[in-house]
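Reader: I have a model open and want to read its features one by one. Where do we begin?
Author: Let us look at it together.

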Amino acid sequence: MNQKTRRLTYTAMFAVINYIVFTFGKINVPTAPGHSVAIHLANASVVLSAWFLGPVYGGLASAVGLSIADFLDPRYILSAPKTFLMKFLIAYIAGKSAERMKLHEKTERKEITRICAISAALGLGFNVIFDPIIGYFYKSIVLRIPQEFMKIIVTWTAGVTALNAVVSLFVSVILYLALYKAFLSKLPE
């Protein structure tokens, strides 16, 4: 199998993993009539996708997998375009920073852990700051949600996004440390 086919195959596999983690591993928290926010570990799989596939392919796997998950869930269908953008950016930031710190060249477990923690914090930190902001503008301007609901939605979204980020940071680092030796030898260059 050539490198391009392998890369696309792994990208599709990680898109499915992202989809499964969100679809079957979330706890929905209703925020306002017809709106919910989810407690989930999907951002851990977003960061893992970036570390294993790189910033662009990891971003695409995450964006596609989680957007499909949103499209297929009536609670989140209207958030799918925002999800596509945000998940791509989380993965891109985490993957690019790991790439710049030469994650795949490191052999010492302590150094690998440090790089993973920093790059995950960068990608997930971006999400903690910008998901509520972009969500506010998307929902108030594009979806035209009344302002009396927006305060509740944004407050809950910010809190749950921060919780998801902290848990996802730890989970992604632990999973990477457990899996990287097996995965890296099989992934395309």
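**Reading the model, feature by feature**

Author: Start inside. Helix 2 has these buried residues: Ala42, Asn43, Ala44, Ser45, Val46, Val47, Leu48, Ser49, Ala50, Trp51, Phe52 and Leu53. Keep in mind that this is a predicted model.

Reader: How many of the residues of helix 2 are buried?
Author: Buried means under 20% relative accessible area. Twelve of the twelve residues of helix 2 pass that test, and the helix is mostly covered.

Reader: What covers the buried residues of helix 2?
Author: The cover includes helix 1 (3–24), helix 3, helix 4, helix 5 (109–142) and helix 6 (147–184).

Reader: How far apart are the end C-alpha atoms of helix 2, and what should the helix span?
Author: Count 1.5 Å a residue, times one less than the number of residues. Helix 2 runs over residues 42–53, so its twelve residues should span 16 Å. Its end C-alpha atoms are 16 Å apart, which agrees.

Reader: What do the buried residues of helix 4 pack against?
Author: They pack against helix 2, helix 3 and helix 5. Among the buried residues of helix 4 are Met86, Ile90, Ala94 and Ala98.

Reader: Which residue takes a positive phi just after helix 2?
Author: Gly54 does, with a phi of about 95°. Gly34 also takes a positive phi, near 80°. Gly34 belongs to the hairpin of strand 1 and strand 2, where two residues lie between the strands.

Reader: In what sense do strand 1 and strand 2 pair?
Author: Strand 1 (residues 27–32) pairs with strand 2 in the antiparallel sense, over five bridges.

Reader: Is strand 2 enclosed or open?
Author: Strand 2 (residues 35–39) is largely enclosed by the rest of the structure, because four of its five residues are buried.

Reader: Take a single residue. Which residues is Thr11 in contact with, leaving aside its neighbours within four places in sequence?
Author: A contact is heavy atoms within 4.5 Å. Thr11 is in contact with Leu53, Tyr57 and Ala61. Thr11 itself lies in helix 1. At 10% relative accessibility, Thr11 counts as buried.

Reader: Turn to charge. How many salt bridges are there?
Author: Look for a side-chain nitrogen of Lys or Arg within 4 Å of a carboxyl oxygen of Asp or Glu. The count comes to five salt bridges.

Reader: Which residues are linked in a network of salt bridges?
Author: Lys26, Asp73 and Arg75 are linked that way. Between Asp73 and Arg75, the closest N and O atoms are 3.7 Å apart. Asp73 is buried, at 9% relative accessible area. Arg75 is partly exposed, at 42%.

Reader: How are Lys96 and Glu99 separated in helix 4?
Author: They are three residues apart, which means about one helical turn. Their salt bridge has its closest N and O atoms 3.3 Å apart. In helix 5, Glu111 and Arg114 are also three residues apart, about one turn. Their side chains meet in a salt bridge at 2.7 Å, N to O.

Reader: Last, the surface. Which residues make the nonpolar patch?
Author: Val56, Leu60, Val64, Ile68, Phe71, Leu72, Ile77, Leu78 and Phe84 make it, over about 780 Å².

Reader: Which helix gives the most to the nonpolar patch?
Author: Helix 3 (residues 55–71) does, with five residues.

Reader: Where is Leu72 placed?
Author: Leu72 sits in the loop between helix 3 and helix 4 (80–100). At 58% relative accessibility, Leu72 counts as exposed.

Key: Residues numbered from 1 in each chain as written. Predicted model: local features only at pLDDT ≥ 70, side-chain atom pairs only at ≥ 80, totals over all residues. Heavy atoms only, no water. Patch = residues over 30% accessible without salt bridge, like charges linked within 9 Å, V, L, I, M, F, W, Y side chains within 5 Å. Areas by Shrake-Rupley, 256 points an atom, 1.4 Å probe, with all protein chains shown as cover. Buried < 20%, exposed > 50% of the residue type's maximum accessible area, 1.4 Å probe, protein only. Pairing = 2+ DSSP bridges.
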